[in-house]
Amino acid sequence: MRYLFDDYALDADRRELFRGARPVSVEPQVFDLLLYLIRNRDRVVGKDDILTSVWQGRIVSESALSTRINAARSALGDSGGEQRLIKTLHRKGMRFVGIVREEQGKPVPGAEARPGAGDRPSIAVLPFWSLSKVPDQDYFADGIVEDIITALSRNRALFVIARNSSFAYKGRQVDIGQVARELKVQYVLEGSVRRSDARMRVTAQLIEAASGRHLWADKFDVDVSDVFAVQDQIVARVVGAIAPQVEKAEIERAKLRATGDLAAYDLYLRGLAGWNRWSKDGNAEALRHFYAAMEKAPDFSTPYGLAASCYQFGKANGWATTFDEKEIARLIERAAEIGDEDAVALCWAGHVHAYFFGDVDRALSLIDRALELDVNLAVAWQRSGWVRGYAGDPEGAIESLNKAILLNPLDTRVFLTQSAMAFAHFMAGRDEESARWAALALQLKPNWLPALRMAIVSNAMLERREEAKHALAAYFRVDPEVSVGKLRDYYPLRRQQDRERLLAGLRKAELPE
């Protein structure tokens, strides 16, 4: 049995608590306390009831009980002052007051076995510590790690956690065992980068989480121009330590690094740092650096795909109003032409092609090629979800998006996937689910326009006028010129019935034409 409330899911059979797709770590007694309160939410339970059921009648001090109650509240983002979900009634006891929905048979997102993982070894690559004397060199260490993740993920014998989930631990001193439990992996790779002028030292160590054993550790002192060779060595040694039965030849260098020009690669990494900030200024900064990387190395494919994505972000977020579609088409075609082995470039080229030019068949062919190259690339599954929704295949879209969530369980930008889920469910005619996913995305990013659009239309179709009106007011604050025609153009829908459904939702919400 699973109990769904707020944006949480408590799985009694698996003894797991999730917030969205993210696991929440709780002690066994705290889990038992939560489960007891939820199962008995129809009444007030006293201290004796709790001690009998949770502690089997053992004597427990007031302070110990209070500590467990506070931990239960903390796990749910509640507090003794707010008492949003767990309410204390003076001299009477406690009661769980959240609205709970019970569900059987369907796994909690993120709790089931990862797609295609089977018995494959699983690994997370943590952000490397930047120990450079030169300020502002984090981007360089981050880029090296991202390249290692991409290279490892191309091996179908490994299950590799996506970058955004690994980077949730950036800047934190972590317990490797806890990281492995939270991400459900067997191995963790960590390390550091020290860059000084033209020299660089990279250290790395591979840890088997269950035993804490160091399977491999090494350090590399090299010229900065040899950074690519160091990445190759790390990837080869990790694979050799984890899965010696796998031919090392299967681990190609990721085509993300399709250039030998260190200056171009450095510009690309700077662009990636801005791109990952997900803001108007960061997007503009990323675009400048991607163009500079292209100028330095015209055959470096990844910046073309990511530059095209910057234009898509500009439109989707209302950061820009006019676009040079001829230039966007050039970037897409160049990414596809020189990046036929570059999964990152291809998946973004595909989505941007559908978004600006409406050719969903060509877009899907590019994205499917990306997934052939890298079945572990979470962002490719995410882009597949969007484009399959445009193509009139909402169930295929949801399947792709679930894979993206499972590959990236701690994604700090999970609102991207959540808003895509809202869109797919809306296209499937499931307005309740669409509204729920949109609400989850808006909890993380309240002014996120793709989620607001789905909140508007799904609530309007459900006749929830106040909720639709509230979402529309939030949208107007970001884009005062919003209209039916403008919002319709955000969705290159292939099926006429999907276009009619979207228009019906927009008009029910009483948008200006």
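1. Let's start with K508: in this predicted model, K508 is partly exposed, with a relative accessible area of 38%. Its salt-bridge partner is E463, and the closest N and O atoms are 2.7 Å apart. K508 sits in helix α21, while E463 sits in the loop between α18 (449-461) and α19, so you're looking at a link between distant parts of the chain, 45 residues apart. E463 counts as partly exposed too, at 42% relative accessibility.

2. Helix α21 (residues 496-508) also holds R501, which pairs with D431 in helix α17 (residues 431-444), so parts that are 70 residues apart in sequence get tied together.

3. Have a look at E146 and R163 next. Their side chains meet in a salt bridge at 3.1 Å, N to O. E146 belongs to helix α4 (residues 138-153) and R163 to helix α5 (residues 163-166), 17 residues apart. Both are buried. The whole structure has 26 salt bridges.

4. Back towards α19 (residues 465-478), you'll find E466 in that helix. E466 counts as exposed, because its relative accessibility is 58% and the cut-off for exposed is over 50%.

5. β8 pairs in the parallel sense with β10 (residues 159-160) over two bridges, where S122 stands opposite F159. β8 also pairs in the parallel sense with β11 (residues 187-196), over three bridges, and there I123 has Y187 as its bridge partner.

Note on methods:
Residues numbered from 1 in each chain as written. Predicted model: local features only at pLDDT ≥ 70, side-chain atom pairs only at ≥ 80, totals over all residues. Heavy atoms only, no water. Pairing = 2+ DSSP bridges. Helix = DSSP H or I, 4+ residues; strand = E, 2+ residues; numbered from the N terminus. Buried < 20%, exposed > 50% of the residue type's maximum accessible area, 1.4 Å probe, protein only. Salt bridge = Lys/Arg side-chain N within 4 Å of Asp/Glu carboxyl O.
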